[in-house]
Amino acid sequence: MAEIGEEITIKRKKQYGLCSKLWCLRCMNCCKADDVSILTSRNRRELSVKLMAKYQNAIQLNPEEIQVLDVLILLYTLDEKSWAYQYLYQCKLISNEESQRNDLEFYIPQLMNYLVFHEEMLNENISQFILTSCIQNFYFAQVVYWTLYSISAIVFDNQVTEFQKVRQYLQNLIKRMVLNHETNNEVREQNDKIAEMISTYGTPQFDQHSMKCLILPEHIQLSKYKPLEQQESYDFMSCINFWNDIISISDKLKFADPKIISLRADLSLINTRLPANVYIPFVKDQLRHYTILNIVVEETKIFSTKERAPFYICVEVYNVEKEESKSEDKRERKNSEFNVELTMLSDFKSQSSLAMSQFSTQSLGVSECYEIELSKKEDQKKPNNAALDFEKIGLEIFGEDSNQISERIRQQSPYCHFRSWRLVHLIVKTGDNLKQEQFALQLINQFQLIFQKESLPLKLTTYDIQSLGPSSGIMEMIKDAATIDSLKKKLNSIDKDITLSQFFQKYYAANLHKAQRNFCCSLAAYSLICYFLQIKDRHNGNILLHKSGKILHIDFGFFISISPGKGLEFEKNVPFKLLSEYIDVLGGTQSELFNLFRKLFFKGFVACQKHQDQILLLVKMMYSGHGYTLPCFSKGESAIHDLESRFNPPCSNDGEISVFTQNLINQSLDNWRAKWYDKFQYYFQGIFY
């Protein structure tokens, strides 16, 4: 454990020897250990200058619109940083827009990376700026906390390195934030029946059929969340404590039996402390402006793995400000008891009973975090024809529609009259390096912004993820989608000869062309990022098909310079995964859609090459700090040079780039390495291909 006065260092031992490349024979002394770490802040600064100095000349700082990335370049490369400090204060702190991100919040990973690994928490100017910004904006402060806490300990090669300097800084930050963000919440008198309903909803004690009144927004009294193992709480720590309790459940699940009962019991206990001043820290759809009302315990699912116990939760949320603004247009209501007419209650109960009888879901595990969700919805009498059969098959593959899930749960909820009510789907994970996953999604988001900037129809499905600790975090779950693995398993159980192309034709029917086009645009987009970022482990458990026809990828544990399979590396030298069954979905190699795929791949390549600095700078900044502690940088500086060379092939004009991109497509099409990796996953993991 590093002491406060020591330098922040990370040691990595590189092994040599024929045997150690495949497995470690500890008793044979066949490996020679060399320390290949970036050890000191001086070394890190030298590396950042080496990698990023060339970008200094291109910086044009416009006081009216400061580009955050330009300011970060100055921080990482200049010896005299006074100008950079001044420009930092002119940067926009946060943004609620998803289309354009030029705010410091988006670059917090790079800013904290600089403070921890380059300045070793000793730069007073940066520390003061962060403190001032945290005082100014509550959301910014919380993301800074979670980012620093995630960096404060690094699990690497089964060893834990704790940075006491970071922990000490966090303690001081919390003290200041508690003082600056503490508020006095007015406690109003509340009807006993309403108070009981609120406190018991989401627990086994809640009796839906005995409800005598409905809860309205004005009945909710939001206060600090009371953590399970602490008595004292503060406004700034309210949301942090809530997510700490959620993460602790995942840690306990590894040893629980049966797991699902333990999970639901713990979530019910948390529900007794809700609603409270807690939120989901996602920018997407302005979700962080919504307050958590309840965790729907009955919908919870656990994804069984050998070493971890990630689980799925869906959460009821509402927007306080929207409810208050809408309530102004309504007639005046008393804030105490609100008695609902008997007919209104009976209608509500009948709707709830009907919803409960119609919908009942169970799940079958097919990959770590995505499942087939089989609906037992009563079949309506329909003519027996192929189109309707595939409609039913599609329901079994994609599960209950997300809108139907929301409507079903809303009808059962005492908060159903909240106009801003929403349902959010999340996955809670521990034991994983979510810093790398979050970094990968940051890069993918940049690629999507590049495509939008160039007005290209390329479609990447980005989802929010937040690392909450050194090895824990939460991520948005993509609904209305199923893994290709689960889809193939279902089709195989019906008829082994049904292909992916036939499924498209039968399931989408009249909407086939639209689905094919969505497939084409998303396939081209993911092919590009899989090539540039060298995303590996692309078996069918990590590739999903959305109900709209879009293809999308999840799980980015292997990218830039790391791939699964020591010594084997089936996917090595495969630009990206492009199987003939994908081309069949588009209509074959001579089809218009496959020609469109080729055109989009070329145009996307040119766009990424044009804006490559938006990607390369983020990667270089993270590598100059984290170094080998992020597995994606396991090959060191050579991985950075390889990434740069993929953006800059030896081509002098668009014609040569066109030939180069078409060769990449031809090289990827049914590449034997990709096909054998799918077979390997089938025989060893049971993942269909």
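At what angle do helix H6 and helix H8 pack, and how far apart are their axes?

## Helices H6 and H8

In this predicted model, helix H6, which covers residues 124-136, packs against helix H8, residues 164-180, at an angle of about 35 degrees, and their axes lie 10 Å apart. The crossing in which H6 passes H8 is right-handed.

On the H6 side the contact is made by Ser-127, Ile-130, Leu-131, Cys-134 and Ile-135, while H8 contributes Tyr-169, Leu-173, Arg-176, Met-177 and Asn-180. By residue class, this contact of H6 with H8 consists of seven nonpolar residues, two polar and one charged.

## Helices H18 and H19

Helix H18, residues 500-508, packs against H19 at an angle of about 135 degrees, with 8 Å between the axes. The two helices H18 and H19 are therefore oblique to each other, given that angles over 145 degrees would count as roughly antiparallel and those from 65 to 115 as roughly perpendicular.

Phe-504, Gln-505 and Tyr-508 of H18 meet Leu-512, Ala-515, Gln-516 and Phe-519 of H19 in this contact, whose residues divide into five nonpolar and two polar, with no charged residue.

## The nonpolar core

The largest nonpolar core holds 205 residues, and Trp-243 and Phe-439 are those with the most contacts inside it. Helix H19, spanning residues 512-532, supplies the largest share of this core, with 14 residues.

Leaving aside residues up to four places away in sequence, Trp-243 touches Trp-146, Tyr-279, Ile-280, Pro-281, Ile-292, Leu-426, Leu-468 and Ile-474.

Key: Residues are numbered from 1 along each chain as its sequence is written. This is a predicted model: local features need pLDDT of at least 70, side-chain atom pairs count only at pLDDT 80 or more; totals for chains, interfaces and linings use all residues. Side-chain values use heavy atoms; hydrogens and water are left out. A nonpolar core is a set of buried Ala, Val, Leu, Ile, Met, Phe, Trp, Tyr and Cys residues joined through side-chain atoms within 4.5 Å. Buried means under 20% relative accessible area, exposed over 50%, partly exposed in between (1.4 Å probe, protein chains only). Helices (H or I, at least four residues) and strands (E, at least two) are DSSP runs, numbered from the N terminus. Contact means heavy atoms within 4.5 Å. Axes are lines fitted to C-alpha atoms, for helices over the stretch in contact, and angles run from 0 to 180 degrees between N-to-C directions. A crossing is left-handed if the near helix is turned anticlockwise from the far one by less than a right angle, and right-handed if clockwise. Ala, Val, Leu, Ile, Met, Phe, Trp, Tyr, Cys and Pro count as nonpolar, Asp, Glu, Lys and Arg as charged, and the others, Gly among them, as polar. Angles under 35 degrees count as roughly parallel, over 145 as roughly antiparallel, 65 to 115 as roughly perpendicular and the rest as oblique.
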